[in-house]
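Keep the sequence and the 3D view beside you as you read.

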Amino acid sequence: MKLFVYHTPELTPTDTVPDCAIAVDVLRATTTIVTALAAGAEAVQAFSDLEKLLQASEAWPAERRIRVGERGGQTVAGFDMGNSPFDCTPERVGGRRIFMSTTNGTRSLQRVEMAKTVLAAALINRQAVVQHLQAHQPNTVWIVGSGWEGSYSLEDTVCAGAIAHSLLSHPEDINQLAGNDETVAAIALYQQYQDNLLSLLHQASHGKRLLKLDRHEDLKYCAQTDLLDVLPVQRELGVLVSHRN
Ligand code: MLT
């Protein structure tokens, strides 16, 4: 298995697809997707375009759908929810399809949707992702950070490092596992912050943006590792469900 970390979707190769692509948006899209599926959502359907989301969701009865729209960390007017994982309670999302569009995370998912297997990862389901990779041993794995409008994000890279670090049986295995320099750097970042990931999220530019929006509890929640044993997998283009082994 070779791991390739890409800091943003724009940096992924355009001439090939991996066996397995893992979209990461710790603050907050993939954390919210994992939480929603754990709370019983029927599926999460990702859109990079708000208008296309509204059109597609019209086909669903209002009582069986939730429209999640976030831009700049805030709820888009006219949508049912923003992108806080705390909104995804069983009472609100249970049995419903979540139609989601966020600033960055849903663009990552769209960028990699042609891969054989597409997963969504965050710190809260790191172990579920690692177990899947260990069981299925895909030859090439892309871990794609969402970043912020094309820029690097600390939180997505540290999550990539958390996944890669868990796949190392021995430190010297890094030469076998890492397919690019970004993977080695991500592991080093995780090793530096693994005992205090919240401090890294507070340093992250998007973490600071969310703190200005009083989303302190969101950062605490998003910084937890291995909280939920839920693995979002793409069942059809853009539609993520909870993987059943
Ligand atoms: C994103 O898509 O970049 C994030 O999920 C934005 C957010 O909800 O804070």
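Predicted model: local features only at pLDDT ≥ 70, side-chain atom pairs only at ≥ 80, totals over all residues.

## Charged partners

Glu 42, Arg 97, Arg 235 and Glu 236 are linked in a network of salt bridges.

Side chains of opposite charge can pair when their charged atoms come close. In this structure the count comes to ten salt bridges.

| Salt bridge | Distance, N to O |
|---|---|
| Glu 10 and Arg 107 | 2.8 Å |
| Arg 235 and Glu 42 | 3.7 Å |
| Glu 217 and Lys 220 | 3.2 Å |

Start with the side chains of Glu 10 and Arg 107, which meet in a salt bridge. This pair links distant parts of the chain, 97 residues apart: Glu 10 is in the loop between β1 (2-6) and β2, while Arg 107 belongs to helix α4 (residues 105-111). Glu 10 is partly exposed, with a relative accessible area of 38%. Arg 107 is also partly exposed, at 24%.

Next come the side chains of Arg 235 and Glu 42, which also meet in a salt bridge. Arg 235 has a relative accessible area of 48% and is partly exposed. For Glu 42 the value is 26%, which makes this residue partly exposed too.

How far apart in helix α11 are Glu 217 and Lys 220? They are three residues apart, so about one helical turn separates them. Both are partly exposed: Glu 217 at 45% relative accessibility, and Lys 220 at 46%.

## A serine on the inside

Now turn to Ser 146, in the loop between β8 (140-145) and α6 (154-167). Is Ser 146 buried or exposed? With a relative accessible area of 0%, Ser 146 is buried.

What does the side chain of Ser 146 reach at 2.7 Å? The answer is the backbone oxygen of Val 24. A polar contact of 2.8 Å also joins the side chains of Ser 146 and Ser 108. Leaving aside residues up to four places away in sequence, Ser 146 touches several others, including His 7, Pro 9, Asp 25, Asn 104, Gly 105 and Asp 156.

## Cysteines that stay apart

How many disulfides does a search of the whole structure find? The search finds zero.

## Backbone details

The backbone has a few details to look for. A cis peptide bond joins Leu 27 and Arg 28, with omega at about 5°. Arg 28 sits in the loop between β2 (20-24) and α1 (29-38).

Gln 137 has a phi of about 50°, and its place is in the loop between α5 (126-136) and β8. Gln 137 is partly exposed at 44%. Asp 226 has a phi of about 55° and lies in the loop between α11 (216-222) and β9. Its relative accessibility is 34%, so Asp 226 counts as partly exposed.

## A nonpolar patch

Finally, look at the surface. Which residues form a nonpolar patch there? Val 17, Met 114 and Leu 237 do, and together they have about 310 Å² of accessible area. Leu 237 is in the loop between β9 (232-236) and β10 (239-242). Its relative accessibility is 52%, so Leu 237 counts as exposed.

How values were computed: Residues numbered from 1 in each chain as written. Heavy atoms only, no water. Helix = DSSP H or I, 4+ residues; strand = E, 2+ residues; numbered from the N terminus. Buried < 20%, exposed > 50% of the residue type's maximum accessible area, 1.4 Å probe, protein only. Polar contact = N/O pair within 3.5 Å; in protein donor to acceptor, adjacent residues only side chain to side chain. Contact = heavy atoms within 4.5 Å. Patch = residues over 30% accessible without salt bridge, like charges linked within 9 Å, V, L, I, M, F, W, Y side chains within 5 Å. Areas by Shrake-Rupley, 256 points an atom, 1.4 Å probe, with all protein chains shown as cover. Salt bridge = Lys/Arg side-chain N within 4 Å of Asp/Glu carboxyl O. Disulfide = S-S within 2.5 Å.
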